[in-house]
Amino acid sequence: MFRDHVKLAVKNLRHRMSRSLLTLLGIAIGIMAIISLLALGEGMQQAVTGELSSLSDVIIVSTGGGGFSSFGGGGSTGGYFTQRDIADVERVQGVREVSAQLSGVGLAEYNGKTTILSLTGMDVVVMKLQYASQTLDAGEFFNEGDQNKIMIGYSIAHDTFDADVSVGARIKINGEKFFVSGIFGKQGFGGVSSDSIVLMSSRDFQKLTGQSNISLIYLRVENVNDAESIATTVQDAINENHGKKDFATATTMTSILQTVQNIIGILQLVLVGIASIALVVASIGIMNTMLTSVMERTREIGIMKAIGATTRDIMSIFIIEGMLLSSLGGVIGIILGVFGSQALTLILRSFMSMGGGSFQLSPIITITSVVLAVAVSLIVGVLSSLYPAWKAARMSPIEAVRYE
Amino acid sequence: MSKDVIVTQNVSKTYGKPPLQVFALRETNLQIKQGDYIAIIGPSGSGKSTLMNLLGCLDKPTSGNIFIDGNDVSTLNENELARIRREKIGFIFQKYNLIPTLNALENVELSMGFAGVDSQVRTAKAKKLLEMVELSKRLTHKPSEMSGGEQQRVAIARALANSPSIILADEPTGNIDTKSGDNIMNILEEVNRKGETIIVVTHNMAIAQRANRVLRIQDGVVQEGHV
């Protein structure tokens, strides 16, 4: 019985080939949009996750309750951490490594021009980790044990002094000579802003300034799964030292990762929402085609009823027809979506390369999104053919047979 | 004594409400026996189609009862009526009314499909029926590729597919040339001789003359008559 209905539906679709194809195209475009946007979103998720998860055992403790905002900026306003804080953090169970980021200012002189710069001192290992994803315009990172070497940002190198600073150049800071080891590439928007940074080792920083203004504490944990609970413990311990409830904020990479993923998730949802509009339009298309078909086949429906088709037979024939249209459209849409997502990625890549970003985006089509697309197209098919099918089924056989 | 296949008791069909009520059929009492060959005649608008629709279970009477093979069909719902049409009645229409997208074989198989007959059994039976109407060479032809007479013969095969108790033919030769029409009637009579009940609605007197019994309708009233 069901096979007969399918056969009838297929014959009808074939009989009206061009109309069927056009209707099907509508669904295909809708599904294509959804598939390619989902693939793009998934690709973004993976790219960001890949980038950040290498740092997943890192916890960053900053001052102020406002949370962690500018990665490596060190521009905190709520005071500085103390050596006692560091000692306390080191004692927390599960902490593998602690290092502090020091910040202060110094008077720098190059090529006869003197200016005030903010200085950052940090452990060489931490520095390499933190700036790993950043491109270097020139030179390289200095190594553990190197003395009087600095890394500078793009605008320090090109915009701060009268002449450009190049690798190997000497800059006098507070009267002490420092050699430029590496220059960061231009950062522009987003990401870790390092355009106006001057980085040196913690030891050099303390020797130079005599200060140890700790603006950030980095720590790494033994086990990534403990990161959240250790973050809470650390935060509480430091807050107790300073007698303030919100002196410190400890942020795990996992939670940053989660925030970023949430944002991408929302973005994805909005994009798919927009793409769904195409699908709604397409389903109206199916309904329209099916209604026309019901009108044209009034006589045929009447004949089928006269020779014994039940209401259910007629409904089923028309619903199967709608489902065939939409699922075929869905499959074509998925295939088009594979190409569409590649094309979208190429366009996005060319945009991003203008910003100098280094991360690799490639579309990822998941089984879930394919299953989702098939399911959605089937549902669309059923829903949009329900009304035409019902209209066909309740047609009276006499009226239908008499219909000229 | 053969049994009654159709009995109508005080069957009326009206349209509209009083005082503008129109009687399409009035207080009709009929008994049609298994194996009868009946012609229903009357001018257009007399109620022929109404009677056809009622006997064919396409419509329900306003009042009265219709029994088909002992089942009171005036109380049945849509799906039960569909089952009666499928099992008890074979329709033949003036305009053949084949499904245009299906070929001859598929058209004959269709009503057996609705009846849930196994597809192999179905195909075998459809081939046999098409052979009987001498269309073995047209099995895969679509209606548009056949002549009127051929299409009507496919329609006869289709009407016989579920071995119904009654064949209802509405002007079966109305759209066909005389020679083919004669052929159609011969086939119907052949079927009748095998015990099938045939009811032909016509206003062609030559056709009506061939029947064993004639019912004449005038203004919704059915009377036994002769040509």
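Which residue in β9(B) does B:Ile38 stand opposite? In this predicted model, the residue facing B:Ile38 is B:Arg213 in β9(B). The strands concerned are β3 (residues 37-41) and β9 (residues 213-218) of chain B, which pair in the parallel sense over four bridges.

This pairing belongs to a wider arrangement. Chain B holds an open sheet of six strands, ordered β6-β7-β8-β3-β9-β10, and its pairing is mixed. Strands of a sheet pair through backbone hydrogen bonds, in either a parallel or an antiparallel manner. The edges are formed by β6 (89-92) and β10 (221-225) of chain B, each of which pairs on one side only. On average, and with direction ignored, neighbouring strands of this sheet are turned by 20° against each other. Helix α5 (residues 148-160) of chain B packs on the sheet, where it touches β6 and β7 (166-170) of chain B. The direction of α5 makes about 170° with that of β6(B).

Chain B also contains a hairpin, formed by β1(B) and β2(B) with six residues between them. Strand β1 (residues 4-15) and strand β2 (residues 22-33) of chain B run antiparallel and are joined by eight bridges. Within this pairing, B:Val11 has B:Thr28 in β2(B) as its bridge partner. In the turn, B:Gly16 has a positive phi of about 75°.

Attention now passes to chain A and to a pair of its helices. The axes of α8 (residues 253-296) and α11 (residues 367-393) of chain A come within 9 Å and cross at roughly 30°. Because angles under 35 degrees count as roughly parallel, α8(A) is roughly parallel to α11(A). The crossing in which α8(A) passes α11(A) is right-handed. Residues of α8(A), including A:Leu279, A:Ile286, A:Met290 and A:Val294, meet residues of α11(A), among them A:Val376, A:Val380, A:Leu383, A:Tyr387 and A:Lys391. By class, this contact of α8(A) with α11(A) comprises twelve nonpolar, four polar and one charged residues.

The two chains also meet each other. Their contact draws 18 residues from chain A and 21 residues from chain B. On the side of chain A that touches chain B, at least two residues come from each of α1 (2-15), α9 (298-306), α10 (311-355) and α12 (397-402) of chain A. The residues on that side of chain A divide into eight nonpolar, five polar and five charged.

Notes
Residues numbered from 1 in each chain as written. Chains lettered and ligands numbered in written order. Predicted model: local features only at pLDDT ≥ 70, side-chain atom pairs only at ≥ 80, totals over all residues. Axes fitted to C-alpha atoms, helices over the stretch in contact; angles between N-to-C directions. Parallel < 35°, antiparallel > 145°, perpendicular 65-115°, else oblique. Left-handed = near helix turned anticlockwise from the far one by under 90°. Contact = placed C-beta atoms within 7 Å. Nonpolar A, V, L, I, M, F, W, Y, C, P; charged D, E, K, R; others polar. Pairing = 2+ DSSP bridges.
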